[in-house]
Structure formats: C-alpha cells, structure tokens
Amino acid sequence: MAVRRTSVEDPVAEQQEQAAEDAMMTRIGQAVMLHHGGDREEAQGRFLGLWSEIGEEGDPLHRCTLAHYMADTQEDPSDELAWDLRALSAADELTDERLHEHHDSIAVRGFYPSLHLNLAADYAKLGRPEAARNHIRRARGAVGALGDDGYGDGVRAAIGRLEMRLGEGSEVE
C-alpha cells in the first residue's frame with residue numbers, strides 16, 4: 001500500500017497538486033471567456049465536461065465557481081435556479097483557507113451577496129416573489145462583505161434594482 005507523503009515531505013507533489021487545481025480554475029475561466037464572447041453553447045458544453053470531472057463531491061471552490069457561471073448559460077429559469085442552488089451549496093462548504101490557496105485577498109463571505117442576488121433573480125423569473133424577496137434580503141444583509149470597488153458597487157446597484165422590482169425598500173435588514 002502506497003503512503004501519501006505530506007506537503008512537508010514532498011513539496012514537489014504539493015506544487016503539482018496546486019498547479020492542477022489552478023489548471024481547473026483556468027479551464028473554468030476559459031469557458032467563461034467563451035460565454036462572455038457570445039459562444040453560449042460551447043461554454044455550456046465545456047462547463048458540463050468540467051462538471052463531470054469535478055463531480056458533485058469535488059472541490060467546493062471549483063463547484064461553486066463553475067455552477068455560478070453555468071447558471072448564466074441556461075435559457076430555462078428552472079435550470080438556472082438549479083445551478084445557482086449548486087453554487088450556494090458549494091459556497092457553504094468552502095473555507096477561507098481553501099479560497100486563499102487560489103486568491104489570498106478574498107473571503108467566502110464575499111460570495112454571498114452575489115449568490116443570493118442571483119437566486120432572488122431566478123425566483124423572480126419563476127414568479128415566486130416571496131422566495132425572491134427572501135434572497136434579496138439575504139443579499140442586502142451580506143453586502144458588508146463587499147469591497148468599495150467596481151465589483152462591490154455593481155452588486156450593490158443590482159441588489160437595489162431588484163429590490164425596486166420586488167417592492168423591497170433599500171432599508172431591508
């Protein structure tokens with residue numbers, strides 16, 4: 001039976017493992033670029049292929065990231081909701097420690113405003129206003145984790161727009 005070496009015993013193996021993880025994030029990013037470039041079908045196909053590699057029990061960072069972007073490629077709002085729920089579930093399993101292996105300046109709590117915003121939008125599309133309002137309140141409650149930058153400003157503005165559509169005031173707790 002082979003004994004797996006720890007990172008202290010085998011720094012080369014650790015570097016190879018980190019490179020493989022980074023390679024998955026790179027591959028997800030390439031599919032995202034395809035989608036943003038207008039090739040939704042190709043992006044969706046690549047996302048599905050990557051999802052089959054990652055699996056339902058795979059790395060939460062990979063699952064969260066992939067599901068988040070896969071949701072954007074869906075035409076059917078029910079399918080979009082299913083992928084956004086997968087992203088939220090994976091985020092709930094993700095740790096800051098794992099996230100910092102990929103990027104050291106972000107925290108998991110910073111994911112939640114966008115994840116809940118997306119779920120609120122999904123439920124609104126599906127004609128489920130109470131579920132939408134629940135998630136928009138959760139998104140608003142999590143905005144403190146966002147930075148004062150373009151991304152944070154954009155998420156806050158999108159939350160405000162959806163609150164207006166749902167009849168929620170911006171003073172929602």
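In which helix is Thr65 found? Thr65 sits in helix α3, where helices (H or I, at least four residues) and strands (E, at least two) are DSSP runs numbered from the N terminus. The model is predicted, so local features need pLDDT of at least 70 and side-chain atom pairs count only at pLDDT 80 or more, while totals for chains, interfaces and linings use all residues. Residues are numbered from 1 along each chain as its sequence is written, and side-chain values use heavy atoms, with hydrogens and water left out.

Leaving aside residues up to four places away in sequence, Thr65 touches Met25 and Ile28, a contact being heavy atoms within 4.5 Å. Ile28 lies 37 residues from Thr65 along the chain, yet their C-alpha atoms are separated by 7.8 Å.

The wider chain comes next. Its secondary structure comes to eight helices and zero strands. Of its 173 residues, 42% count as buried. Among contacts with a separation of 6 or more, 55% join residues 24 or more positions apart.

On a 1 Å grid over the protein atoms alone, a pocket is an open set of points where a 1.4 Å probe fits, with protein on both sides within 12 Å along at least five of seven lines, and lining residues have an atom within 4 Å of a point. The largest pocket has a volume of about 700 Å³, a volume being the space filled by probe spheres set on the points, which are joined across faces, edges and corners. Of its 24 lining residues, the closest to the centre are Tyr69, Ile106, Gly110, Phe111 and Tyr151. Two or more lining residues come from each of α1 (11–36), α3 (60–72), α5 (96–102) and α6 (112–125). The most come from α3, with five residues.

Finally, helix α7 (residues 129–142) has 14 residues and reaches 20 Å from its first C-alpha to its last, close to the 20 Å expected at 1.5 Å a residue (1.5 Å times one less than the number of residues). The buried residues of α7 are Ala131, Ala132, His135, Ile136, Ala139, Arg140 and Ala142, and what covers them includes α6 and α8 (150–166).

Terms used: Buried < 20%, exposed > 50% of the residue type's maximum accessible area, 1.4 Å probe, protein only.
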